[in-house]
Amino acid sequence: MIEFKVLKQSKKSGARLGVLKTPHGEVMTPSLVPVATLAAVKALRSDEIAATKSQILISNTYHLHLQPGEKVIKNAGGINKFMNWRGPTMTDSGGFQVFSLGFGRDLGVGKVASAKAITKYYPDKVERAIEKGGQPKNVSITEDGVRFRSPLGGEEMFLGPKESMAIQEKLGADIIFSFDECTPPGTTYDYMKQSLDRTHRWAARCIKAKKSKQALYGIVQGSYFRDLREESARHLNTMEGFAGFGIGGDLGESRTGTKDILQWVTPLLDARKPRHLLGMGHIEDIENIMAGGADTFDCTVPTHYARRGIAFTSKAAAGPTGRVDFNKAALLKDKGPIDRACDCMVCTGGYRREYIAHLIRANEITGGALLTFHNLFFFNTYVEKLREKIKKGLL
RNA sequence: GCGUCGGUGGCGGAGUGGUCAAUCGCAAAAGACUGUAAAUCUUUCGCCCAUUGGGCUACGCAGGUUCGAAUCCUGCCCGACGCA
């Protein structure tokens with residue numbers, strides 16, 4: 001069970017300040033939810049995760065089902081004990097993998113395709129991919145769920161609302177998500193409509209299948225079609241059994257298109273329930289995400305980019321993008337910290353750019369670990385500042 | 001000294017008469033990444049111009065054979081191994 005309390009609703013935007021109470025502690029919202037797909041925020045120990053000001057983590061049903069299997073985690077006493085993380089947790093339903101292993105893979109895209117790619121080259125590709133019987137190549141979607149081959153061993157597997165719920169109950173996170181289909185960017189209206197209806201039926205099945213007291217979030221889909229997004233929000237909002245809502249799928253043609261979609265959707269959702277934006281959260285997106293009325297959002301960017309050698313820093317440290325690429329040889333001569341304006345353990349602890357650049361270039365895991373720590377701290381600090389801004393009525 | 005094998009782009013290492021500026025790997029440079037098939041992927045990588053393309057110099061060195069040579073022949077230089 002969770003309890004959510006809105007502390008302040010902004011008058012300037014949809015932004016709101018809140019507290020999300022879970023059996024494993026409270027989350028001050030809006031909050032970033034770092035991604036711990038395989039029950040690990042890659043490269044960090046669980047105590048380090050806490051030291052990055054991270055409040056809540058999201059793991060993945062699909063991945064943990066493949067490896068090590070939900071039984072192992074259940075036997076360990078649930079995901080918190082398993083990974084020695086004391087704070088709140090969420091598990092994603094595995095629905096995203098329907099996309100990433102399916103159309104996403106067929107089309108070679110992530111959930112955010114650039115506006116240019118969509119408008120110029122993309123629509124026919126999508127139609128072609130979808131027209132072939134409405135199925136991705138490597139995944140087969142039916143009324144009951146999704147059949148696919150494990151990328152690990154190649155064996156056939158099946159995941160649907162029933163399976164996802166059963167797995168998520170065994171994993172034991174505080175918040176779980178309904179099984180959905182995440183459609184590819186540029187999806188046709190007809191396919192979206194068909195998929196949305198099915199995602200709604202799956203949502204009902206998830207509610208019915210759930211036996212635990214975990215908080216279940218229903219996921220709003222509808223791509224960038226306003227009427228479908230609204231239909232989805234209204235539909236899920238009337239369903240009994242959702243403690244909160246996820247907003248998923250591709251989020252429009254522009255990087256910040258998220259804002260429009262959130263503004264269509266959030267006013268139609270019960271304001272007393274928390275909303276989680278799935279898979280979105282570049283630094284430059286975060287303010288829009290909050291303004292759109294999302295309370296939590298998860299994103300792989302801080303952790304993922306860190307392992308690629310990219311640090312996010314204050315603009316003073318790196319110019320307009322705030323990004324510093326530690327693969328660049330020039331940093332081997334830089335004696336400064338990652339970011340002078342940052343108070344994280346790495347930046348204040350004597351680690352210099354020259355060393356981190358060396359680690360990244362030499363492929364030493366310590367480099368990814370140091371940048372992961374910094375990036376998460378940096379994102380969390382930024383989010384903290386925005387919470388302050390909402391509090392002061394500036395956002 | 002004799003014999004054998006070998007000397008290819010920053011490195012390793014393919015190619016053994018034309019489609020070779022030369023497969024591939026590494027290194028290097030640039031770019032991408034948003035519910036993590038992700039410590040990954042893409043592009044560039046002899047020099048000089050160019051939009052497709054063109055010009056130049058190149059496969060140890062110097063000659064030669066041939067319409068044409070990194071590839072065949074001769075000599076030389078260098079290396080590894082074997083025998084004296």
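Colleague: What makes Ser223 count as buried in this predicted model?

Modeller: Ser223 has 26 C-beta neighbours inside 10 Å, and because the cut-off for a buried residue is 20 or more, Ser223 counts as buried. Ser223 lies in the loop between strand 11 and helix 10, and its phi is positive, about 55°, although the residue is not a glycine.

Colleague: Why is Asn363 called exposed?

Modeller: Asn363 has 9 C-beta neighbours inside 10 Å, and a residue is exposed with 12 or fewer, so Asn363 counts as exposed. Asn363 too has a positive phi, near 65°, in a residue other than glycine, and is found in the loop between helix 16 (353–361) and helix 17.

Colleague: Why is Ile141 called partly exposed?

Modeller: The count for Ile141 is 19 other C-beta atoms within 10 Å, and since buried requires 20 or more while exposed requires 12 or fewer, Ile141 falls in between and is partly exposed. Ile141 has its place in strand 7 (residues 139–142) and, leaving aside neighbours within four places in sequence, is in contact with Val98, Gln135, Val146 and Glu181.

Colleague: How do you know that the buried residues of helix 10 are on the same side?

Modeller: Those buried residues are Leu228, Arg229, Ser232, Ala233 and Leu236. They cover an arc of only 135° around the axis, which puts them on the same side of helix 10. An α-helix has 3.6 residues a turn, so residues three or four places apart point the same way. The face of helix 10 turned away from its buried side carries the exposed residues Asp227 and Thr238.

Colleague: What do the buried residues of helix 10 pack against, and how far does the helix reach from its first C-alpha to its last?

Modeller: The packing partners are helix 9 (189–209), strand 11 (215–220), strand 12 (244–247) and helix 11 (258–265). Helix 10 (residues 226–238) has 13 residues and reaches 18 Å from first to last C-alpha, close to the 18 Å expected at 1.5 Å a residue.

Colleague: What makes helix 12 mostly covered?

Modeller: Seven of the nine residues of helix 12 (residues 283–291) are buried, among them Ile283, Asp285 and Met290. The buried residues of helix 12 pack against helix 11, strand 13 (275–277), strand 14, strand 15 (310–312) and helix 17. Just after helix 12, Gly293 takes a positive phi of about 95°.

Colleague: Why is chain A called as compact as a globular protein of its length?

Modeller: The secondary structure of chain A comes to 17 helices and 16 strands. Its radius of gyration is 20 Å, close to the 21 Å that the globule rule gives for 395 residues, so chain A is as compact as a globular protein of that length. Of the 395 residues, 52% count as buried, and the C-alpha atoms fill a box of roughly 60 × 45 × 45 Å along the principal axes.

Colleague: Which residues are closest to RNA strand B, and how do the residues of the surface near it divide?

Modeller: RNA strand B is surrounded by 47 residues, the closest being Gly110, Cys182, Gly279, Thr300 and Ala329. The residues of that surface divide into 17 nonpolar, 18 polar and 12 charged. Elements that each supply at least two residues include strand 5 (57–60), helix 5 (95–100) and helix 17 (365–391).

Key: Residues are numbered from 1 along each chain as its sequence is written. Chains are lettered from A and ligands numbered from 1 in the order in which they are written. This is a predicted model: local features need pLDDT of at least 70, side-chain atom pairs count only at pLDDT 80 or more; totals for chains, interfaces and linings use all residues. Helices (H or I, at least four residues) and strands (E, at least two) are DSSP runs, numbered from the N terminus. The expected span of a helix is 1.5 Å times one less than its number of residues. The arc is that of the directions from the helix axis to the C-beta atoms. Two residues are in contact if their C-beta atoms, placed from the backbone, lie within 7 Å. A residue is near a molecule or strand if its C-beta atom, placed from the backbone, lies within 6 Å of it. Ala, Val, Leu, Ile, Met, Phe, Trp, Tyr, Cys and Pro count as nonpolar, Asp, Glu, Lys and Arg as charged, and the others, Gly among them, as polar. The radius of gyration is taken over C-alpha atoms; the globule rule is 2.2 Å times the number of residues to the power 0.38.
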